[in-house]
Amino acid sequence: MSKALIVWGGWDGHEPEQVAAIFERILKEEQFEVEVSDTLEAYADAEKLLGLDLIVPLWTMGQIEQELVNNVSAAVQSGVGLAGLHGGMCDAFRNNVDWQFMTGGQWVAHPGNDGVEYTINMKRGSSPLLDHIEDFQVKTEQYYLHVDPAVEVLATTRFPIVDGPHAANGPVDMPVVWTKRWGAGRVFYNSLGHHADIVEMKQVTEMMRSGFKWTSAGKQLAKQNKDTKTEVYTGMADNQT
């Protein structure tokens, strides 16, 4: 049975406890053994993390010790999957660039705040991961992110909808869902999920279900590929600001 760890906390406005319960339900439906923790100390046992198949971060903003980031990074580099959404993964630990490098992006704005109506445009490309999901409408925060150019984009949204200084740049297709690699590990991110009701939308639930399964499957593939040699990157804790 695959093992997953959900770690929730940080800003309560994103309803992390409720979202953690939704994720726990999805994972158990997929026959995962699930541990749920509300403390970042869940990342303190490096050996335990290496024994997982999937890590699901749900922690918006806050601070984290560099050693804990290093432990998560090492686990993912070894093949453990990393999958999350909204601010719980890509607006976590704003001062930690190693976390941002690993996850593939960082939130910078949501013009119009909550209640913006926009379209999620599914992108058909080399990955069939979300081919079963069609374009759909949402009414929630529209995330503007700074994104790693190495990611594979699976869904986008068009900016601007709400006026602001960014509108002077003209139309921009912003990534909403992406995947990337971190060593032997797979990473999946979905910028939707401001509140639990958005996570409960069928399309969002199914995107996360697919992301959980895809990222966790990378662990077994990493074990099978004995020729893969990845140097574990531990970051630059001594000089981090």
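Trainee: Which residues does the domain annotation "ThuA-like" cover?
Mentor: In the unreviewed UniProt entry, "domain: ThuA-like" covers residues 3-215. In this predicted model, the chain over residues 3-215 is 29% helix and 33% strand. The end C-alpha atoms of that range are 12 Å apart.

Trainee: How do you know that the span of helix 1 agrees with its number of residues?
Mentor: Helix 1 runs over residues 16-29, which is 14 residues. At 1.5 Å a residue it should span 20 Å, and its end C-alpha atoms are 20 Å apart, so the two values agree.

Trainee: What makes one face of helix 1 the buried one?
Mentor: Pro16, Val19, Ala20, Ile22, Phe23, Ile26 and Leu27 are buried in helix 1. Seen down the helix axis, these buried residues fall within an arc of 160 degrees, so they line one face. Among the elements that cover them are strand 1 (3-10), strand 3 (54-60) and helix 7 (202-224).

Trainee: Why is Ala21 called partly exposed?
Mentor: Ala21 is also found in helix 1. Buried means under 20% relative accessible area and exposed means over 50%. Ala21 has 44% relative accessibility, so it counts as partly exposed.

Trainee: What follows helix 1?
Mentor: Gln31 does, with a positive phi near 70 degrees.

Trainee: What is the average pLDDT of the chain?
Mentor: The average is 94, and 93% of the residues score at least 70. Over residues 236-241, however, the pLDDT is below 50. Where pLDDT is low, predicted coordinates should not be read in detail.

Definitions and conventions: Residues are numbered from 1 along each chain as its sequence is written. This is a predicted model: local features need pLDDT of at least 70, side-chain atom pairs count only at pLDDT 80 or more; totals for chains, interfaces and linings use all residues. Side-chain values use heavy atoms; hydrogens and water are left out. UniProt positions are given in the numbering used here, feature names are shortened, and annotations may be inferred rather than shown by experiment. Helices (H or I, at least four residues) and strands (E, at least two) are DSSP runs, numbered from the N terminus. The expected span of a helix is 1.5 Å times one less than its number of residues. Buried means under 20% relative accessible area, exposed over 50%, partly exposed in between (1.4 Å probe, protein chains only). The arc is that of the directions from the helix axis to the C-beta atoms. Contact means heavy atoms within 4.5 Å. pLDDT is the predictor's confidence in each residue, from 0 to 100.
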